[in-house]
Every structure is written in structure tokens, then in C-alpha cells.
Amino acid sequence: MNDVSVLIPLRDTGSSELIIKYLSSMPLCAENVHITLLHIFRKASSEEELMGKGFTEEELSKFTRILERAKDDLVDIGFLPENIEIRVSSDLYPTVTDGIIDQFNKSERKFDIVIIRRRKMSKAEEFLVGDVSVKLVRALEGTSVLVLKTLK
Amino acid sequence: MQQPDRRIFLREFAAISHAISTYSDVNLLNSHLVEMISKSFKVKGSSIFLYDEREKQLFRVSSYGISESYQTKGPIYVDERFSEFKSGKPVFFSDFREDPRIQYPEEAIKEGIVSMLSVPIKFHEDVIGLIKIYNAEPWILHDEDLNSMCVIAEHLGLVLEYNGLKNFLDQVKIAIESLPLRMLRGISI
């Protein structure tokens, strides 16, 4: 069986739980699957002024912990630890979507599938933040994009 | 009589205002704002809600210090009890236990919320959302803190509306790009 390379951008534990639950239900041959867990760490220009330097450092370690926990959960359901890569990008991007697209494009590894979670949003929220999944589906070339929708 | 204790000074106000003007990611801005507001006021927590005109409901977009179960207690419908929507002015709930305007009083008591300040987020005359600040103890609000929060909410309203229009414009650009070239004659994109 051919190797499958999966990119999973994670923002919080909610996304991670949903995606891992879904992966566990997929008929994948775990040893042939390489997973990259990605977090786009956005440090806003005036963040330290607002939240303090300690907060920013804590945030970075918080997101690293989320990815490490997701890796442990993936190992628990049968994926190989050596096939799971954790990537926290601290490059500055205008939006998380731009970060995912850039990381996808400049990665040496070619991803066969990108899995994202789409939280249910009201019209007002969609107006405010836009729809990341639509942007990714349009922008990512040569890959499949799997969008997992939540009920709430 | 107990005197109100002022909690937001120029330093906090400047930091919050600067963040509102400079953050480029509105999700990040909202989540940092609720945390900063809660810490500045030294209160239990706070939330930012957006008002959906179609559904006549408030939707929580960011929270700090509030439990998941309270956040998902049920839909928050906007009706005549929400005078901040009618008047566009902030409303202070000094005691949740005795206030008939509260939609979920039992849940609020269980969550440990005693008082609350609700400040409308406005874009010109329209109320587009609310900032709610929850306190776990009785609260005597200082007038200057109230004024500061109103100005912060006005700034936030401008940014939220700008961001929404920017997203809308992105969608229009995508739609225009998908038009056949014959329909774009004379249009420079």
C-alpha cells in the first residue's frame, strides 16, 4: 500500500479531539500514514503590550502541549510515533489561513490530504471571520481537503 | 456608603485600544480582549457576543473565565428585556438573583455569577454585539470604568464591521474571478 501523508492544522483541543476521533474510524493502514500536526502561532504586533511577555511565552508552550497531546492520542489509536511530526510555525502571517497555505506550499513533504475542522457558525460570525474551509479548498493545489463539520 | 473602586486606568485603556487598532486577526483579538478585560476589571470573566439579525440571537464568539456548560446553556434570544439593544446604552445588572431580565438565572447562580455589565458593541447607530463582563461578587461600578468600556466597545464595533466587509469583499473578488472574461470587459481587476 502507498504511503499517505496527512496535514492536520490544529488550533485547539476541540479540533484535535474531533479529527482524531474521525481518523480512528478511517480504514487506514497506520504504518503507511505520515501525519504532520501543524499550529500556526500568531503573535500579534501589540500582544506583549496588551498581555505581557510572559503570556506570549506561555501561549507558545500551551500550543506545543496541545500538539504533543494530539500526537499521544494518535499513537494510542495505532499510529506510529516516528511517523508523526509536530510543527509550530512562528512566522508572521496576516491570517491563520494564509499560514496554512504557506506552510503547505513550502513543505518538502507533499501532502495527500489536509484535514480541518469547521465549527458551526452563525451568519453574523461567518460575516466577521469568513470561512477558512472555502479559502483552503480553493487555494490548496494537488491535495484533497477533508472538512469535518461540528454540530455546535 | 461604599465608594466605587476604579479599575481601568490610562495604561490598560491604551493597551486595549492599541490592540484593537493593530491586531490583524480578529479571532485572536477577541480572545485576548476578553482575557485582558477580565484581568483589568479583576472579575470572574467576560464574553463577546455577536448579534445575528436574521435569527434574532446572540452568538458567543469569545470567552474567558466562563465554564463550557454555562457557555452552552442555550440560545440567547434578543427581546425587549435587552434594553441595551433598544437604547444602545450599557446595562448593569447589580444582582442576578433578583433580576427578571436574566434568561437563565439558575445557570448563572450555579456558575457563580452575581453581577454583570453588558456593553453594546455598536457600528454607528446599530448594535452589532455585546461585551458582557461577569463578576462573582457584588460590584459598585465606577463611572470612569463604564465610560472606558463604552469607548472600547465603539472601537471594537468599527473593527468588527471592517473585518466583516473585508471578508465580504474577498468573496466578491472570488466571484468576479470566476466570471467569463467577456463579462469582465471594461472592468479592471
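## A first look at chain B

In chain B, strand β2 (residues 57-64) pairs with β3(B) in the antiparallel sense, over two bridges. One of the residues involved is Gln57(B), whose bridge partner in β3(B) is Tyr77(B). Keep in mind as you explore that this is a predicted model.

**The sheet**

- Strands of a sheet pair through backbone hydrogen bonds, either parallel or antiparallel.
- In chain B, six strands build an open sheet with antiparallel pairing, and their order is β3-β2-β1-β6-β5-β4.

**The chain as a whole**

- Chain B has six helices and six strands, and along the sequence they follow the pattern α-α-β-β-α-β-α-β-α-β-β-α.
- The C-alpha trace of chain B spans about 75 × 35 × 30 Å along its principal axes.
- Of the 189 residues in chain B, 35% are buried.

**Where chain B meets chain A**

- The contact takes 26 residues from chain B and 19 residues from chain A.
- On the chain B side, α1 (10-22), α2 (26-41), β1 (45-52), β2 and α6 each supply at least two residues.
- Helix α6(B) gives the largest share of that side, six residues.
- The residues on the chain B side divide into 13 nonpolar, eight polar and five charged.

How values were computed: Residues numbered from 1 in each chain as written. Chains lettered and ligands numbered in written order. Predicted model: local features only at pLDDT ≥ 70, side-chain atom pairs only at ≥ 80, totals over all residues. Pairing = 2+ DSSP bridges. Helix = DSSP H or I, 4+ residues; strand = E, 2+ residues; numbered from the N terminus. Contact = placed C-beta atoms within 7 Å. Nonpolar A, V, L, I, M, F, W, Y, C, P; charged D, E, K, R; others polar. Buried ≥ 20, exposed ≤ 12 C-beta atoms within 10 Å, placed from the backbone.
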